[in-house]
Amino acid sequence: MKNLTDIRARIKSVSETRKITSAMETISVAKMRKAMARFESNRAYFAALRKVIADIAAHTGASSNRYLKNNAAEKNTLFVVVASDKGLAGGFNHNVLSLAYDMITKAEKATVACVGLVAHEFFNAKNIPVDIEFTFGSYEPTMRDAREITKTVLNLYDSRLTDEVYIVYTGMENSSVMYPKALRLLPLPADEFDGGDDDYSEIEYEPSPQEVFEALIPQYINGTVYGTLIQSAASEHCSRRAAMNNATKNAGEILEELNTDFHRARQESVTNEITEIITAAMGVGNEN
């Protein structure tokens, strides 16, 4: 027979765990909605900026710009890897870090920059040196955080300390479809700017298209980085919500089993006590 005291202790422990996982699920839902709202508010500006850059590249010969083409013989690739600051998010960190690790180990020469404590710990465990670490919280990124990454990336690229830059993050289509993704930041993928837009073809740029292009590139990269950070944060909250939802359901199922065990054990205890009383009474009766 199972010990009633042990079952009571287990029921209490599982109940407390279920309260925690349920609260974490609620928090993740709120943070996910907030992150997606910020991403949507940035999308319109970013789309308009991309059209302007596409027009300049298509109609002014900017395709030869160093931000669109790099002919370095031996490529030193910078990987900006975006993970989270903590676990309990299902396969979120594992999936994106596996993709990053595969790309880094196959690169000719790699420089690693990490966003999120989990990414840093992962590469340390793999004996891959982390060259740059961004210390801001990955779960609630801001435009200032994106500017910090953009500034670092452009400084390294303009100084020719890196020849191409990838940001590895978790992309998001909706709350249930998320996937690890690698996006090339520099040089900018030329196919994104093919053709331009006829609405922009008659625009005159001052002081010159090339100078406007140079000025817009940091904003474009900054918008791209911000979008990836927001998607990653929203994906993290979605993954954590799903993980905590499953944990809460599992805790509920365990509690049902424990309650069944408790009632069965209590019935057995009562039955044994009654049996002992009857046996003792019969023994006394036989003596008389």
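In which helix is the place of Arg 147? In this predicted model, Arg 147 belongs to helix α4, which covers residues 143-158. Its relative accessible area is 47%, so Arg 147 is partly exposed. The C-alpha atom of Arg 147 is separated by 5.8 Å from that of Asn 222, although the two residues are 75 places apart along the chain.

The secondary structure of the chain consists of five helices and five strands. Read from the N terminus, these elements follow the order α-β-α-β-α-β-α-β-β-α. Of the 288 residues in the chain, 42% are buried. The chain exposes about 15700 Å², of which carbon and sulfur atoms supply 51%. When contacts between residues at least 6 apart in sequence are considered, 76% of them join residues at least 24 apart.

The five strands form an open sheet with mixed pairing, in the order β3-β2-β1-β4-β5. Its edge strands are β3 (132-134) and β5 (177-186), each of which pairs on one side only. On average, neighbouring strands of the sheet are turned by 25° against each other, direction ignored. Strand β4, residues 164-174, runs antiparallel to β5 and is joined to β5 by nine bridges. Within this pairing, Val 165 stands opposite Leu 186 of β5.

Two helices are placed against the sheet. Helix α2 (residues 92-106) packs on the sheet and touches β1 (76-82), β2 (109-115), β4 and β5. The direction of α2 makes about 150° with that of β4. Helix α3, residues 117-125, lies across β1, β2 and β3 and runs at about 140° to β2.

In soluble globular proteins, nonpolar side chains tend to be buried together. The largest nonpolar core of this model has 36 residues, and the members that touch the most others are Leu 78, Val 80, Val 115, Ile 149, Ile 167, Leu 186 and Val 225. At least two residues of this core come from each of α1 (4-59), β1, β2, β3, α4, β4, β5 and α5 (209-287). Helix α5 supplies the largest share, 10 residues. Beyond its neighbours within four places in sequence, Leu 78 is in contact with Thr 111, Ala 113, Ile 132, Val 153, Leu 156, Thr 162, Glu 164, Val 165 and Tyr 166. A second, separate core contains 15 residues, including Val 96, Ala 100, Val 130 and Val 168.

The aromatic pairs number four. In one of them, the ring centres of Tyr 67 and Tyr 157 are 6.0 Å apart and the planes meet at 25°; the pair is therefore stacked. Tyr 67 sits in the loop between α1 and β1 and Tyr 157 in helix α4, so that the pair links parts of the chain 90 residues apart. Both partners are buried: Tyr 67 has a relative accessibility of 4%, and Tyr 157 has a relative accessible area of 6%.

Another pair is formed by Tyr 101 and Phe 122, whose ring centres are 6.1 Å apart. Because their planes stand at 90°, this pair is edge-to-face. The two residues are 21 apart, with Tyr 101 in helix α2 and Phe 122 in helix α3. Tyr 101 counts as partly exposed, at 31% relative accessibility. Together with Phe 123, Tyr 101 and Phe 122 form one aromatic cluster.

Terms used
Residues are numbered from 1 along each chain as its sequence is written. This is a predicted model: local features need pLDDT of at least 70, side-chain atom pairs count only at pLDDT 80 or more; totals for chains, interfaces and linings use all residues. Side-chain values use heavy atoms; hydrogens and water are left out. Two strands pair if DSSP finds at least two bridges between them. Helices (H or I, at least four residues) and strands (E, at least two) are DSSP runs, numbered from the N terminus. Axes are lines fitted to C-alpha atoms, for helices over the stretch in contact, and angles run from 0 to 180 degrees between N-to-C directions. Contact means heavy atoms within 4.5 Å. Buried means under 20% relative accessible area, exposed over 50%, partly exposed in between (1.4 Å probe, protein chains only). A nonpolar core is a set of buried Ala, Val, Leu, Ile, Met, Phe, Trp, Tyr and Cys residues joined through side-chain atoms within 4.5 Å. Accessible areas come from the Shrake-Rupley method with a 1.4 Å probe; for residues, only the protein chains shown count as cover. Rings of Phe, Tyr and Trp (its six-membered ring) pair if their centres lie within 6.5 Å; planes under 30 degrees apart count as stacked, over 60 as edge-to-face and the rest as tilted.
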